[in-house]
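Student: I would like to learn to read a model feature by feature. Where do we begin?

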Amino acid sequence: MELQVTNSPFNQEQVELLNRLLPTLTDAQRIWLSGYIAAAAVTGSAVLGTPPIAAAVNAPAASPASTAPAAPKEVTVLYGSQTGNCGSLAKKVTKRLQDQGFEVKVSSMSDFKPNGLKKVENLLILVSTHGEGDPPDNAISFYEFLHSKRAPQLEGMPFSVLALGDTSYEFFCQTGKDFDKRLEELGGKRLVPRVDCDVDFDEPAAEWINSVASALAELTGAGAAAQAVPVTADTLLESTESEYSRTNPFQAEVLENINLNGRGSDRETRHLEISLEGSNLEYEPGDSLGIYPENHPRLVDELIEAMGWSGEESVPVNKNGDETTLREALLHHYEITVLTKPLLEKTAALISNGALNELLASGHDELRAYIEERDLLDLVQDYSLKGIPVREFVAILRKIPARLYSIASSLKASPDEVHVTVRTVRYENRGRERYGVCSVQLAERSESGSALPVYIQHNPNFKLPQNPDTPIIMIGPGTGVAPFRAFLSEREETGAEGKSWLFYGDQHFATDFLYQIEWQRWLKDGVLSRMDVAFSRDSDQKVYVQHRMLEKSRELYQWLQEGAVVYVCGDEKRMAHDVHSTLMTILQQEGGLSPEEAAEYMIRMQQEKRYQRDVY
């Protein structure tokens with residue numbers, strides 16, 4: 001909407017200036033400017049270099065009769081997070097608001113008492129989406145409450161939602177969208193519009209935090225908004241312990257790289273030991289290591305050739321204007337192995353291509369099948385994209401995201417080191433060899449002495465119990481056993497006395513029993529109390545970890561009654577779902593609970609942090 005001289009109090013020159021400026025402003029800038037103009041009207045300050053809020057300190061005090069009552073300055077920040085990103089961002093927005101004088105209550109959704117929602121004055125929601133549009137584990141109970149008939153009417157309660165997700169998934173930021181819609185249905189009023197973030201979330205998250213802070217300041221009359229230091233993408237994930245973070249990874253040396261599978265195995269599982277010396281990076285068992293991978297050189301070269309580009313051409317790699325060669329950019333900076341619907345839409349906007357437009361307009365299942373089975377080279381070849389200018393094309397690519405791997409070591413047992421367990425992914429599709437970007441790099445191009453850009457992803461939702469006497473039950477087939485190696489290393493180092501029980505599975509005992517010697521040693525020394533294994537290809541009938549759990553259902557139920565904490569790590573779609581169902585069956589079979597009572601039991605375990613999952 002443009003200003004017109006006829007419908008505004010401005011002259012022609014002012015209208016032209018405003019019409020050039022207003023479309024370029026972000027939401028945060030518009031909110032700040034409205035507050036600035038309001039303050040300027042009170043103080044007479046009219047120069048941007050002279051903050052009107054500061055001038056207002058010397059302005060005559062308003063008479064009691066003309067002073068409007070201050071709006072509530074209490075803010076509740078709730079977060080739901082599977083890997084810890086939303087928890088970290090919640091701390092940042094909390095500090096930003098506390099610097100402005102707000103009283104902030106911050107809590108994970110699992111720790112928040114839902115009945116207290118009707119007393120909340122201003123609500124901020126930060127939540128990720130897990131799997132196929134599902135809430136993260138620590139958001140499930142609050143999500144279900146909010147969508148139930150028990151949810152209260154919110155009667156104009158100010159709220160805003162920051163949603164984290166991944167555009168390579170079909171239901172991008174779905175949990176955040178659900179919260180945003182439901183809060184509005186219950187009568188809430190948005191402070192600022194919901195912001196949906198892709199895997200590279202720093203800049204939009206920082207903008208949301210600053211927009212929320214400005215909006216709350218305007219709503220409540222809190223004048224410190226203009227004086228508070230804005231959050232930036234560079235400061236979002238700063239750590240007080242180390243200068244290295246997700247936005248500034250540490251170049252870590254590979255010390256060891258070993259294939260854990262025996263000769264004849266269909267699988268290749270790499271055990272990497274990586275040096276953290278000089279980084280000041282710290283972690284706890286249950287945390288993850290983020291590794292920024294490089295794309296396969298062969299795929300990069302084939303893509304450049306298919307597009308008719310020169311690998312030596314200079315292209316930008318970030319919004320700061322830094323540039324490097326195209327080949328280097330495609331190797332280290334841009335994602336080329338994953339297709340997303342937004343990428344296809346942006347590509348269609350660059351070139352007139354009827355077939356590509358037909359794909360975008362096709363049915364949901366057809367589009368999804370195409371995206372899931374192909375990479376960027378397929379897209380280029382299938383739709384003859386050769387000829388698109390290189391700088392225009394790389395501008396629509398998203399940054400290559402880090403890959404997260406459960407840490408398989410204890411810092412107490414292995415100082416200045418971090419260990420990971422990575423299964424190599426290779427397969428053939430449409431006449432071309434495909435491979436996991438990071439797993440194949442680690443298997444083929446990360447020998448001892450090479451360097452990897454890494455950071456620590458803290459995960460407060462997957463941690464050993466504070467009481468070392470608490471029994472633990474660990475369920476982790478395949479590489480899902482990695483964090484449990486860290487758990488037992490830590491318990492051995494600290495002398496924890498609590499019982500421990502590991503359920504482990506893979507294909508073949510002879511070739512696929514990862515870390516077999518270590519488990520046997522811990523069993524002998526008493527660090528590991530019990531171990532049950534399932535090797536699915538060693539018998540006529542496939543046997544998995546959930547089958548072993550059912551065989552030991554009576555003992556397992558007894559451990560639960562003794563307060564054991566259950567940990568599950570691995571594939572979410574199949575294994576974790578089957579394990580969850582098995583636990584429900586054991587509660588009904590051994591505890592005599594109804595299906596509804598068993599479900600409530602599991603929810604209580606989650607709330608008490610006695611049921612923790614690290615699933616992917």
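Tutor: Begin with the elements. Helices and strands are DSSP runs, numbered from the N terminus. Keep in mind that this is a predicted model.

Student: How many helices and strands does the protein chain have?

Tutor: The count is 22 helices and 21 strands. The chain has 616 residues, and 51% of them count as buried. Contacts are worth a look too. Among those between residues at least 6 apart in sequence, 75% join residues at least 24 apart.

Student: How do I check the length of a helix, say α4?

Tutor: Compare the expected span with the distance between the ends. Helix α4 covers residues 85-99, which is 15 residues. At 1.5 Å a residue, α4 should span 21 Å; its end C-alpha atoms are 22 Å apart, so the two agree. After α4 comes G101, with a positive phi near 95 degrees.

Student: Which residues of α4 are buried?

Tutor: They are N85, C86, G87, L89, A90, V93, T94, R96 and L97.

Student: What covers the buried residues of α4?

Tutor: The cover includes the strands β1 (74-80), β2 (103-108), β3 (123-128), β4 (158-164) and β16 (451-457). Helix α7 (202-220) is also part of it.

Student: Now the cores. Which residues have the most contacts inside the largest nonpolar core?

Tutor: Look for buried nonpolar residues joined through their side chains. The largest such core has 38 residues, and L330, L344, L376, L379 and F393 have the most contacts inside it. Several helices give two or more residues to this core, among them α9 (326-332), α10 (341-350) and α13 (376-382). The largest share, five residues, comes from α8.

Student: What does F393 touch?

Tutor: Leaving aside neighbours within four places in sequence, F393 is in contact with M307, W309, T347, L350, L376, L385 and I388. There is also a second, separate core of 27 residues, which includes V93, L97, V212 and V231. V93 and L97 are among the buried residues of α4.

Student: How do I describe a pair of aromatic rings?

Tutor: Use the distance of the centres and the angle of the planes. The structure has 21 aromatic pairs. Take Y143 and F179: their ring centres are 5.5 Å apart and their planes stand at 85 degrees, so the pair is edge-to-face. The cut-off for that label is over 60 degrees.

Student: Where do Y143 and F179 lie?

Tutor: Y143 is in helix α5 (residues 140-146) and F179 in helix α6 (residues 174-185), 36 residues apart. Both Y143 and F179 are buried.

Student: On to strands. Why is β13 described as largely enclosed?

Tutor: Count its buried residues. Six of the seven residues of β13 are buried, so the rest of the structure largely encloses this strand. Its partner β8 (residues 269-275) runs antiparallel to β13, joined by seven bridges. In that pairing, E273 stands opposite H419.

Student: Is T424 buried or exposed?

Tutor: Buried, because its relative accessible area is 11% and the cut-off is under 20%. T424 sits in the loop between β13 (417-423) and β14 (426-429). Beyond its sequence neighbours up to four places away, T424 touches E268, R270, S439, V440 and A443.

Student: How many disulfides are there?

Tutor: Zero, in a search of the whole structure. C438 is buried at 2% relative accessibility, and C569 is buried at 0%.

Note on methods: Residues are numbered from 1 along each chain as its sequence is written. This is a predicted model: local features need pLDDT of at least 70, side-chain atom pairs count only at pLDDT 80 or more; totals for chains, interfaces and linings use all residues. Side-chain values use heavy atoms; hydrogens and water are left out. Helices (H or I, at least four residues) and strands (E, at least two) are DSSP runs, numbered from the N terminus. Buried means under 20% relative accessible area, exposed over 50%, partly exposed in between (1.4 Å probe, protein chains only). Contact means heavy atoms within 4.5 Å. Two strands pair if DSSP finds at least two bridges between them. A nonpolar core is a set of buried Ala, Val, Leu, Ile, Met, Phe, Trp, Tyr and Cys residues joined through side-chain atoms within 4.5 Å. A disulfide is a pair of cysteine sulfur atoms within 2.5 Å. The expected span of a helix is 1.5 Å times one less than its number of residues. Rings of Phe, Tyr and Trp (its six-membered ring) pair if their centres lie within 6.5 Å; planes under 30 degrees apart count as stacked, over 60 as edge-to-face and the rest as tilted.
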